[in-house]
Amino acid sequence: MTTNNRSWRRAGALATIATVSALGVGLAAGTAQAHTPVWEVTCTEVSVDLTAYSPKEDNTVTVTVDGKDLLPAETFKGAFHKKLELPQHDKELTVRLVVKAGDDDKFSRDESKTAPVCEDKPSPSPTPSETPSTSTPTPSSTPSTATSSAEVPPASTKPSPSGDLAETGSSSSTPLIAGAAAVVIVAGGGIMWAARKRRSAQH
């Protein structure tokens, strides 16, 4: 009987140890899988993925960049997923993630990462454009045909080559009139002479 009791006691002890070990492994696995904060930082954004947090308690998450709020304190339950756009920057930025677990403070996180500067793609060099000609058009070499009124020679006052005299007021009929007058004078003289002869003959 004593031997059997000892065997049973040993078997019970071994079973108890195995049970406790199994529970310990299960608890350790559960703890390892719970409260998983995953977040990544690039030169342009911050992605936050928080899983397996308490679905009953209020958990909070905050993201700051160089001390300035990028994501003010936001409350969530169970899980939180969000992508945040970083401001443009020409130097590295310090990004800080603060997570406060509502069920146990030991699951809270306070971590910092660096956001690098984005490398700009080299822009293609501009194609040199043809420089427009800036030469001033040369003035026309053709002399102007317009003559100033001051350069116009005065009208010639010399007698024409034909030798005609300048008109003095007499017309071409003047010789005819003079001839007729002479005939009248001669005729008158003849009449007077004939009259005188007739008178002398009567006396």
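**Terms and their cut-offs**

Tutor: A hairpin joins β1 to β2 through three residues, where strands (E, at least two residues) are DSSP runs numbered from the N terminus. This is a predicted model, in which local features need pLDDT of at least 70 and side-chain atom pairs count only at pLDDT 80 or more, while totals for chains, interfaces and linings use all residues. Residues are numbered from 1 along each chain as its sequence is written, and side-chain values use heavy atoms, with hydrogens and water left out.

Student: What makes β1 and β2 a pair of strands?

Tutor: Two strands pair if DSSP finds at least two bridges between them; six bridges join β1 to β2, which run antiparallel, and V41 stands opposite V46 in β2.

Student: Why is T62 called buried?

Tutor: T62, which lies in strand β3, has a relative accessibility of 18%, and therefore counts as buried. Its contacts (heavy atoms within 4.5 Å) include D69, L71 and R96, not counting residues up to four places away in sequence.

Student: How many aromatic pairs are there, and why is the pair of Y53 and F76 called edge-to-face?

Tutor: Rings of Phe, Tyr and Trp (its six-membered ring) pair if their centres lie within 6.5 Å, and planes under 30 degrees apart count as stacked, over 60 as edge-to-face and the rest as tilted. By this rule there are two aromatic pairs. The ring centres of Y53 and F76 are 5.6 Å apart and their planes stand at 75°, so this pair is edge-to-face. Y53 is in the loop between β2 (45–51) and β3 (59–65) and F76 is in strand β4 (residues 68–76), so that the pair links distant parts of the chain, 23 residues apart.

Student: Why is the pair of F76 and F80 called tilted?

Tutor: The ring centres of F76 and F80 are 5.6 Å apart with the planes at 45°, so this pair is tilted. Y53, F76 and F80 form one aromatic cluster; Y53 is buried at 4% relative accessible area, F76 is buried at 6%, and F80 counts as buried at 6%.

Notes:
Helices (H or I, at least four residues) and strands (E, at least two) are DSSP runs, numbered from the N terminus. Buried means under 20% relative accessible area, exposed over 50%, partly exposed in between (1.4 Å probe, protein chains only).
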